[in-house]
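Work through the exercises below with the sequence and the model open. Each task is followed by a solution in steps.

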Amino acid sequence: MGQIHPPIQACNFHHMTHNIDHNNTFFERARLVIPGGVNSPVRAFRAVGGTPRFIQRAQGAHFWDANGRKYIDYIGSWGPMILGHGHPDVVEAVQKAVTQGFSFGAPTEREIELAEEILKHLPSMEMLRLVSSGTEAGMSAIRLARGATGRSKIIKFEGCYHGHADALLVKAGSGLATFGNPTSAGVPPEVVQHTLVLEYNNLEQLEEAFNLYGKEIACLMMEPIAGNMNFVRASVPFMQRCRELCTQHGALLVFDEVMTGFRVALGGAQEIYAKAIPGFRPDLTVLGKVIGGGMPLAAFGGPRAIMELMSPVGPVYQAGTLSGNPIATACGLATLREIVKPGFFEELSAKTRKLMDSLKKAAANEGVAFSVDSEGGMFGFFLLPRLPQNYGQVLKTEGAKFNQLFHGLLDRGVYIAPALYEAGFVSAAHSEEDIEVTIAAAQHVFKSLRPA
Ligand code: KE4
């Protein structure tokens, strides 16, 4: 007689029946039809090894994998899920939106509402354009900076990621302030010949680059707090110099706040730097993740004089079938309406900082070198005695140790980023209990990481 199937509702979770690991089954099937079995490389667990978890559903601070295993989620879709998964007001807004139509290819009121809401919190921006991904927003901002200045060269920093547009897939050149080489196959050298890659927080290289090429530089693009090398802050003196040199040479300062926007503070990282540097503001800002609430939505914006260079008003072309998509704008707007509520960021910041301080203490108890940092609902930690200031220092982390930490936590139901150069995220849905469970799990793992 065939296997007696459990009641239908249990089937949804593909419980580990007869020791079948459904994550593995899905992964093998996925790899036959999708490169690496994933639609974005970091999800494949290649850096940490093991089988990616195929997520069946998520709720609050948790999600469940194909075996019905529950995890505390510190990825939050790499930033968007700042409220946690399935916030009732966001679900309701999206459900209502889908009954009114999925996509029109024509303007809607909600795009205006979302634009107005975003602009309310970012005084450096008077206008913005909605697009469908951070890559698209970053790529468009570069094109706009080049159109606005009539210049071709751009500066970026090693360890910062601004999406996968060709001109940005560049690694540092050989010597100081030399032009970059492609980090990816398929990017012709001439496409990156105008991209200068400098070391983050390196004042000397910054000065040299502007001395050599100042009048040819269209923009300097940076993550103000670099979440793509886990969590590295631009020092205030460095940030001040970026601003001064851009102003002095007529280059635009482009803040890539796809990850930090509406995540580290309501006004993003630029609000934090404006507190340290009076009158500070970037020229252009790139946004994504939180403003879409988990749906495909991103944006770039700045002063009216620059933004009105964008088609159809000005000569810089950019377009998108699903830009400002009505379901995505409903999701983004409902998300923003929650995070603007009084006390939201204070509470999120305190919870995130408590988690970091507790992890640091747990590591210290086992003599494990561990440094932490956080801002708002974004955090980073390093198996290093001190916080790194640039990509080279981040890479001093022993990969094997990180992998041990990653899998030790994963086995205890705590899901952190499967790569040591990625940041982590706490949501409003993470409870005191979630934090306690995480700390307890980390205490176990740090014991196994105790130095010999
Ligand atoms: P998307 O094209 O992935 O929406 O955004 C690109 C991007 C731009 N700028 C910053 C600062 C970003 O962090 C990102 C995307 N972040 C990665 C996580 N490090 C997304 C995760 C992934 O690539 O799957």
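**Exercise 1.** State how the shell around the ligand divides by class.

Step 1. The shell holds 5 nonpolar, 7 polar and 4 charged residues. Ala, Val, Leu, Ile, Met, Phe, Trp, Tyr, Cys and Pro count as nonpolar, Asp, Glu, Lys and Arg as charged, and the others, Gly among them, as polar.

Step 2. The model is predicted: local features need pLDDT of at least 70 and side-chain atom pairs pLDDT 80 or more, while totals for chains, interfaces and linings use all residues. Residues are numbered from 1 along each chain as its sequence is written, and side-chain values use heavy atoms, without hydrogens and water.

Step 3. At least three shell residues come from each of domain 1 (7–73 + 343–448) and domain 2 (88–339); the bounds come from an automatic or database domain assignment.

**Exercise 2.** Find polar contacts (N or O pairs within 3.5 Å) between side chains and the ligand.

Step 1. Ser40 places a side-chain N or O atom 2.6 Å from a ligand oxygen.

Step 2. For Thr135, the distance from a polar side-chain atom to a ligand oxygen is 2.7 Å.

Step 3. With Asp256 the ligand atom is a nitrogen, 2.8 Å from a side-chain N or O atom.

**Exercise 3.** Which members of the largest nonpolar core touch the most other members?

Step 1. A nonpolar core joins buried (under 20% relative accessible area, 1.4 Å probe, protein chains only) Ala, Val, Leu, Ile, Met, Phe, Trp, Tyr and Cys residues through side-chain atoms within 4.5 Å.

Step 2. Among its 105 residues, the answer is Ile118, Phe157, Leu220, Met222 and Phe381.

Step 3. Both domain 1 and domain 2 supply at least three residues to this core.

Key. A polar contact is a pair of N or O atoms within 3.5 Å; within protein, one must be able to donate a hydrogen and the other to accept it, and residues adjacent in sequence count only if both atoms are side-chain atoms. Buried means under 20% relative accessible area, exposed over 50%, partly exposed in between (1.4 Å probe, protein chains only).
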